Amino acid sequence: MHVLVTGNMGYVGPHVIRRLRAAFPGARLTGLDAGYFAHCRTAPATTETLPHHQHLADLRDLDAAIFEGVDAVVHLAAISNDPMGNRFEEVTRAINHDAGVRLATLARAAGVRRFVFASSCSMYGAAQDGERTEDSPLQPLTPYARSKVSLEQALERLAGPGFVVTALRFATACGWSDRLRLDLVLNDFVAAAVTAGRITILSDGTPWRPLIALPDMARAIEWALGRDPGAGAFLAVNAGRDDWNFQVRDLAHAAARGVPGATVEIAAGAQPDRRSYRVSFARFRALAPAHQPEASLPEVIAELAAGVRGMELPAADFRRSRWMRLHALEELRERGMLSDDLRWTRAAVAGV
């Protein structure tokens, strides 16, 4: 089996490569990444987290030849959170939707038989009236969430007996990675607890967020690559675990418990966050009983805290560092390496 993994140099990628290497030891893994965050490493590269071959390329400029011999695609690449999506709305549409549709279209034409899309529960948006299932109305509130919805819809139209598509609607990712991000709710709280000894909640603390640890995301992707097509040529499924639906304030207190001496406070004048949703993972539990999430929240927090301590981040600076994805992009733009539409410039190509 030959698997193309897009976005493999991002936050989730190392865990996916590690899992696929272990689960499919005879498989060939090829990575494709624009390299925006290639410098955002927290650990040296190891064989188990590297694909057998790496393409550095913009998803918007794919050549059909890249799919030669490819049996399956795992599509992780995206402008990957709300702050980036809000700042670069047109680029988010161009990469997350337009380039995603072209990727899948070229893959299907080349004979790729499996396509796994890292979608998101964020598409449920404002949902205060109970748990969201896969059949619930979609209410995306941001360009990022809207891009996930629109690409899912396009993939459903492309799917068929020879092109099995699985859209994994992941809960919010969390945990330690060789390519760390701190602009995720739990990761931010743990970093604040370690560096400042104080977690400040910017909303009123009541919004709901489902979470999933990185190894459990990789486990779900493994399942999707081999799932029974009898469940449908196109399948959208919430990926996570029911008891990992948390209110933001509860996550803050859990992070503080994992970092002795840390305190929690609500920011003055904090307002409710409309992005609030609880999610049912019953369908995933029924379809993938052998690939259910296994991580415990205290273990994830402990690993994060230990990793952040080792980074020795200044308390005042971690939210203005490369570990926040929007800041990493802005830094590259300020250095003249990325254009306004997030394409590498001649200066970057020349190694300036």
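Before I start on the sheet, one rule for myself: I call two strands paired if DSSP finds at least two bridges between them. I also keep in mind that this is a predicted model.

**Entry 1: strands**

I looked up strand E2 (residues 28-33) and its partner E3 (residues 53-56). They pair in the parallel sense, over 4 bridges. In this pairing I found Asp 33 standing opposite Leu 56 of E3.

Next I checked E2 against strand E1 (residues 2-6). This pairing is parallel too, and I noted 5 bridges for it. Here Leu 4 faces Thr 30 of E2. I then followed the chain from E1 to E2: it passes through helix H1 (residues 13-23), and the β-α-β crossover is right-handed.

Is E2 mostly covered or mostly open? I'd call it mostly covered, with 5 of its 6 residues buried.

**Entry 2: ring pairs**

How many aromatic pairs does the structure hold? My list has 5. I jotted down a reminder that a ring pair is described by the distance of the centres and the angle of the planes.

I took Trp 223 and Phe 284 to begin with. Their ring centres are 5.7 Å apart and the planes meet at 80°; over 60 counts as edge-to-face, so that is what I wrote down.

Then I turned to Trp 244 and Phe 246. With centres 5.9 Å apart and planes at 65°, this pair is edge-to-face as well. Why do I list Trp 244 as buried? Its relative accessibility is 5%, and buried means under 20%, so it qualifies. Phe 246 comes out at 14% relative accessibility, so I count Phe 246 as buried too.

I also found a cluster: ring pairs link Tyr 36, Phe 37 and Trp 344.

**Entry 3: charges over rings**

Last, I looked for charged side chains sitting over rings. Arg 87 lies over the face of Phe 88, and I noted 4.6 Å to the ring centre. For Arg 278, I asked which ring its charged end sits over. It is the ring of Trp 208, with the charged end 4.9 Å from the centre.

Definitions and conventions. Residues numbered from 1 in each chain as written. Predicted model: local features only at pLDDT ≥ 70, side-chain atom pairs only at ≥ 80, totals over all residues. Heavy atoms only, no water. Phe/Tyr/Trp six-rings, centres within 6.5 Å; stacked < 30°, edge-to-face > 60°. Buried < 20%, exposed > 50% of the residue type's maximum accessible area, 1.4 Å probe, protein only. Lys NZ or Arg CZ within 6 Å of the ring centre and 35° of its normal. Helix = DSSP H or I, 4+ residues; strand = E, 2+ residues; numbered from the N terminus. Right-handed = clockwise from strand over helix to strand, strands pointing away.
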